[in-house]
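Okay, thanks for coming, everyone. Let me put the structure up and walk you through a few spots.

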Amino acid sequence: MRIGILGSGLMGGKLGTIFARAGHEVVCSYARSEQKLQRLASAAKGKARAGTPREAAQDADALLLAVHWSRMDDVLSQAGDLTGKVVLSCSLPMNTDDTALVVAHASSGAEELAKRISSAHFVSAFNTVPSEVLFGVFAAKRKARRSNFGPSLVYCGDDAIAKKMAVRLIRDVGFEPVDAGPLWIARYTEPFALLVAQLAYERKGGPEVAYRFQRYKKTKR
Ligand SMILES: NC(=O)c1ccc[n+]([C@@H]2O[C@H](COP(=O)([O-])OP(=O)(O)OC[C@H]3O[C@@H](n4cnc5c(N)ncnc54)[C@H](OP(=O)(O)O)[C@@H]3O)[C@@H](O)[C@H]2O)c1
């Protein structure tokens, strides 16, 4: 697939690299330096190149939206018309110092974004794990040569096309996709992402943390 990365920082840079290593064609875009994007693309060691947000969006089968909430207007205006594009967003609606959600309870960042780019196929994914764990999950998948039974990754959305694409990319990274339901469930997944961040950054053990949901058969008492 051709994947455009809008925001090549901790999340976009790492996921773009992994997507390229998984065999996709990747365009890395939106950073403060063109050289950084070029370095990132050549270090990905796959079919990756640097480009503008518009170039990233142009021929993309899927776009990853990975910028700070405060940069959303800017990156979307640079990307141009996203009609018919699949947009996966890992973005969280954080305030400028990343201490709180600025949209919550009665809505979510994902719902606000989906409204803003209503002509696109939108799905919320990859926002409930820290960037630090992504390479580890991918390496474990490659080592075990498995396509499932990795850590879980919840995603949600109202668009079947976008959700199908999310499943594929989530598996490519090495997670087991967990469909949490419609997009409004992002009201739950976004605060959950802050719980994971708390465990990653504020508790012992380091930020390389992921989670796994397990279902059990009903048993008699
Ligand atoms: N980091 C995580 O572990 C994590 C986990 C879950 C969800 N999220 C969410 O994912 C989204 C991306 O997070 P992130 O940690 O990847 O952010 P980040 O590291 O700050 O990356 C954001 C990207 O936007 C670029 N950017 C910022 N200001 C810009 C400007 N004025 N002009 C051009 N480019 C600009 C940055 O450029 P530079 O590279 O030049 O700085 C960077 O490439 C956020 O919404 C965050 O809440 C993050």
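This is a predicted model: local features need pLDDT of at least 70, side-chain atom pairs count only at pLDDT 80 or more; totals for chains, interfaces and linings use all residues.

Residues are numbered from 1 along each chain as its sequence is written, and side-chain values use heavy atoms, with hydrogens and water left out.

So, helices H6 (residues 134–144) and H7 (residues 160–173): their axes come within 7 Å and cross at roughly 80°. That makes H6 roughly perpendicular to H7 (65 to 115 degrees counts as that). On the H6 side we have Leu 134, Val 137, Phe 138 and Lys 141, meeting Arg 171, Asp 172 and Val 173 of H7, where contact means heavy atoms within 4.5 Å. Sorted by type, that's four nonpolar, three charged and no polar residues.

Now Met 1, which sits in the segment before strand E1 (2–6). Leaving out residues up to four places away in sequence, Met 1 touches His 24, Glu 25, Asp 61, Met 165, Arg 168 and Leu 169.

Last, the rings. Phe 192 and Tyr 211 have ring centres 5.0 Å apart and planes at 85°, so they're edge-to-face (centres within 6.5 Å, planes over 60 degrees apart). Phe 192 is in helix H8 (residues 186–202), and Tyr 211 is in the segment after H8, 19 residues apart. Tyr 211 counts as buried at 12% relative accessibility (under 20% is the cut-off).

Terms used
Axes are lines fitted to C-alpha atoms, for helices over the stretch in contact, and angles run from 0 to 180 degrees between N-to-C directions. Helices (H or I, at least four residues) and strands (E, at least two) are DSSP runs, numbered from the N terminus. Angles under 35 degrees count as roughly parallel, over 145 as roughly antiparallel, 65 to 115 as roughly perpendicular and the rest as oblique. Ala, Val, Leu, Ile, Met, Phe, Trp, Tyr, Cys and Pro count as nonpolar, Asp, Glu, Lys and Arg as charged, and the others, Gly among them, as polar. Rings of Phe, Tyr and Trp (its six-membered ring) pair if their centres lie within 6.5 Å; planes under 30 degrees apart count as stacked, over 60 as edge-to-face and the rest as tilted. Buried means under 20% relative accessible area, exposed over 50%, partly exposed in between (1.4 Å probe, protein chains only).
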